[in-house]
Amino acid sequence: MKKFQVVGIGNAMVDVLTRAEDSFLDEAGIEKGIMQLIDMERAVALYGQIGPAREISGGSAANTIAGIAQLGGRTAYVGKVKDDQLGAIFAHDLRAQGAEYQTALAPKNADGETGRCIVVVTPDGERSMNTYLGVTEFLEPSDIDPEMMGDAEWIYLEGYRFDGPDSHAAFAKAINACKGRGGKVALTLSDPFCVERHRDAFRMMIREDVDLLFCNRAEMLSMYQTDDFDEALKQAGEEVEMVACTDSEHGAHVISGRVRRHAPAVPTQIVDATGAGDLFAGAFMWGLVNGHDAETCGRMGCVAASEIISHIGARPEADLKALFTKHGLI
C-alpha cells in the first residue's frame with residue numbers, strides 16, 4: 001500500500017469570498033462566471049471595492065484534496081506560497097482538513113505575495129473569480145519531490161497551473177516519478193479560457209499521460225473545438241481510459257473503457273457555485289481509490305457538488321459519507 005492515495009499539485013490560493021449584485025460586476029469591470037487573471041494592483045483595488053468577505057484557503061486542486069482528506073483519504077498537496085499572513089492561512093486550513101502539505105515556500109525577497117482569488121457571488125449563485133497568482137505562479141521542478149510522487153496511487157494535476165512559466169516541466173517531473181512506480185495521473189481542465197490558452201499542451205498530456213480526465217461541458221467543447229457535446233465526449237473517451245464531465249443541473253457523464261454512463265444531479269438551492277467541480281472530483285476520486293465503479297463515483301461526485309453549492313465556500317459543511325449513505329452509495 002502506498003503512503004498516499006492522491007497527491008494534488010495546483011495553485012495555492014486563499015479565496016476571498018463576497019456577495020454582490022450583478023450591477024457590481026458591471027461597475028467593477030468583472031466578466032461574470034469565469035476566472036480572470038489579475039495583477040497585484042487590480043487585486044488591491046478590487047479588495048477595496050468589495051463588501052464583507054470570508055477568507056479561506058482555496059485553489060481548485062487544494063479544494064479537491066481537502067474533500068478527499070475529509071472523507072478519510074490519504075492525501076498530500078504541493079503548491080507555492082510566501083511566508084506571509086495569507087501563506088500561513090493557506091497551510092493551516094489545508095492541514096486542518098487532514099491533508100499533508102508539502103510547503104513550496106518562495107523566498108522572503110521574492111516579488112509578489114501569496115496568491116488570492118477574489119470570488120464575487122451573485123444572487124443566482126454564480127461565481128466570478130478574479131485571480132492574482134502571486135508566487136504560486138512560479139512553482140518549478142525543484143518544488144516537486146519525486147519520492148512523494150512515486151509514493152502516490154494517483155497524482156491530481158490542476159489545469160490552471162498551466163499558466164505558470166515552469167509548470168509544464170514541474171508536471172513532467174511529477175508524472176515521470178508517479179508513473180515510474182506504477183501510479184496514475186488525473187487532470188482537471190479547470191476553465192475553458194485556460195483550455196484556449198494551452199490547448200496543444202493539454203492535448204499532448206491527455207493523449208500521452210492522463211488516465212482520468214475531469215472537465216465540464218464548456219471545457220470539453222473547447223478542448224475538442226466542436227459544438228457537438230456527444231462528439232466531444234466520444235473523442236475524449238477514445239483518448240483517455242476514464243472521463244468525468246460535469247454538466248450543471250444535468251448531472252455528469254462518466255466514460256470508462258469507452259462505455260458512457262450518466263450520473264443525475266442532486267437538486268438543491270444554489271447559494272454559491274464555487275468549488276462544485278472541485279468537490280465533484282474529490283468525491284469521485286475517493287470513490288475510485290476505495291474500489292467503487294465509475295458510475296457510483298460519478299453519483300458520489302454529484303452528491304458532493306450538491307452539498308458544496310448549498311452554502312458559501314468550497315469546503316464541505318456536511319458529513320459527505322453520511323450523504324453517500326443516505327443516497328445508497330456506501
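Biologist: Is the β-α-β unit made by S10, helix H7 (residues 192-208) and S11 right-handed or left-handed?

Modeller: It's a predicted model: local features need pLDDT of at least 70, side-chain atom pairs pLDDT 80 or more, while totals for chains, interfaces and linings use all residues. Numbering starts from 1 along each chain as its sequence is written, and side-chain values use heavy atoms, leaving out hydrogens and water. Helices (H or I, at least four residues) and strands (E, at least two) are DSSP runs numbered from the N terminus. With the strands pointing away from the viewer, a clockwise path from the first strand over the helix to the second counts as right-handed, and the S10, H7 and S11 unit is right-handed.

Biologist: Which helix sits between S9 and S10 in their β-α-β unit?

Modeller: S9 (residues 152-158) runs parallel to S10, joined by 5 bridges (pairing takes at least two DSSP bridges). Their β-α-β unit is right-handed too, and its helix is H6 (residues 167-179).

Biologist: How many residues of S10 are buried?

Modeller: Buried here is under 20% relative accessible area with a 1.4 Å probe, protein chains only. S10 (residues 184-188) is largely enclosed by the rest of the structure, because the buried count is 4 of the 5 residues.

Biologist: At roughly what angle do H10 and H11 cross?

Modeller: Axes are lines fitted to C-alpha atoms over the stretch in contact, with N-to-C angles from 0 to 180 degrees. Those of H10 (residues 276-289) and H11 (residues 294-308) come within 7 Å and cross at roughly 145°.

Key. Buried means under 20% relative accessible area, exposed over 50%, partly exposed in between (1.4 Å probe, protein chains only).
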